[in-house]
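Here's a quick tour of one protein model. We'll zoom in on a single residue, then step back to look at a sheet and a helix.

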Amino acid sequence: MDFVKQSTKIICIGRNYAKHAKELGNEIPTLPFWFLKPTTCYVENGGNIIYPDITTNLHHELELGVVIGKKMSKVPKEDVMKHVAGYSITIDVTCRDLQEQCKEERKPWCISKCLDTFCAVGPF
């Protein structure tokens, strides 16, 4: 399965790591929140992450990517793993200064996470 070519969206979970949330001065939510990245964020193993001119503070976080192999909606908890096709080590990239500016202005911060090459993925 070539998940980079076949996927239609990248679903991310935010603030699910309490220590990192505290480091950034964020409240720890009772439930993690979700955000999306476009598939143009993918850069495959061996590719380069582009450092954009619009930031002076680029951060990265190592993540576990879960590849969903079948469409799913309202799947019972006991059946969820039947939809998992595999896993990939992933690097989530963020323009931290832009994210902070957007948060201060109470605007969506998708520009800080959604630039091309901002989701590096390893082999499936």
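In this predicted model, the side chain of Ser112 reaches over to the backbone oxygen of Trp109, at 2.6 Å.

**Around Ser112**

- You'll find Ser112 in the loop that links α3 (96–104) with β6 (119–121).
- Is Ser112 buried or exposed? Ser112 has 0% relative accessibility, and buried means under 20%, so Ser112 counts as buried.
- Leaving out residues up to four places away in sequence, Ser112 touches Val93, Thr94, Cys95, Leu98, Gln99 and Phe118.

**The sheet**

- Which order do the four strands of the open sheet follow? They go β3-β6-β5-β4, and the pairing is mixed.
- The edges belong to β3 (42–44) and β4 (58–68); each has a single partner strand, so one side of each has no neighbour in the sheet.
- On average, neighbouring strands of this sheet are turned by 30° against each other, if you ignore direction.

- β4 and β5 (residues 84–95) run antiparallel, and 11 bridges join them.

Terms used. Residues numbered from 1 in each chain as written. Predicted model: local features only at pLDDT ≥ 70, side-chain atom pairs only at ≥ 80, totals over all residues. Heavy atoms only, no water. Helix = DSSP H or I, 4+ residues; strand = E, 2+ residues; numbered from the N terminus. Buried < 20%, exposed > 50% of the residue type's maximum accessible area, 1.4 Å probe, protein only. Polar contact = N/O pair within 3.5 Å; in protein donor to acceptor, adjacent residues only side chain to side chain. Contact = heavy atoms within 4.5 Å. Pairing = 2+ DSSP bridges. Axes fitted to C-alpha atoms, helices over the stretch in contact; angles between N-to-C directions.
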